[in-house]
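Here's a quick write-up on a few local features. Have a look at the structure first, then read on.

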Amino acid sequence: MPDTDSDEDTRLALKKTVFRLWDKDCDGVLKREEMLQVARCVGFDGSEEEWGDEYTQVCAENTCNADEGMSEDAIMKLLDDKSETGCWLSNAALEKVLEHALEEEAPSGPLTTAVTSDDGPAPAGGGP
């Protein structure tokens with residue numbers, strides 16, 4: 001039988017990590033631009049202007065002030081809400097959000113040996 005407490009703990013940790021990722025200004029709430037990231041994860045493909053109307057509606061449905069943003073508690077509930085007005089994401093989907101964010105932050109291009117080598121810089125011309 002699966003350990004549901006452990007599953008719930010894992011899900012809560014994933015949701016909190018994703019919230020911190022989305023909360024770009026670290027103010028403890030997700031405002032319009034930050035919430036657009038959530039909306040994109042659950043399939044919103046409208047324009048930023050269209051999102052403005054949706055955002056106001058989502059805030060009203062979750063008893064949040066659109067000018068102040070959505071609290072972490074409100075987001076936690078929203079991510080568990082499987083209704084038409086919710087933004088439910090499975091644990092696998094939450095993990096993909098985190099993986100995607102890590103890929104975006106990873107340095108691009110190959111690392112050079114000069115960065116990690118203790119032998120000093122490579123000789124000019126590439127030969128010994």
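Cys87 is buried, at 9% relative accessible area (buried means under 20%, exposed over 50%, partly exposed in between, with a 1.4 Å probe and protein chains only). Cys64 is also buried, at 16%. For the sulfur of Cys64, the closest cysteine sulfur is in Cys59, 5.8 Å away, again too far for a bond.

With a disulfide taken as a pair of cysteine sulfur atoms within 2.5 Å, the count comes to zero.

## About the model

This is a predicted model, where local features need pLDDT of at least 70, side-chain atom pairs count only at pLDDT 80 or more, and totals for chains, interfaces and linings use all residues. Residues are numbered from 1 along each chain as its sequence is written, and side-chain values use heavy atoms, leaving out hydrogens and water.

## Positive phi in two loops

Cys26 isn't a glycine, yet its phi is positive, at about 55°. Cys26 lies in the loop between α1 (4–22) and β1 (29–30) (helices are DSSP runs of H or I, at least four residues, and strands are runs of E, at least two, numbered from the N terminus). At 66% relative accessibility, Cys26 is exposed.

Thr63, another non-glycine, has a positive phi of about 50°. Thr63 belongs to the loop between α3 and β2 (70–71), and is exposed at 76%.

## Where Glu61 sits

Glu61 is part of helix α3, residues 48–61. With 38% relative accessibility, Glu61 counts as partly exposed.
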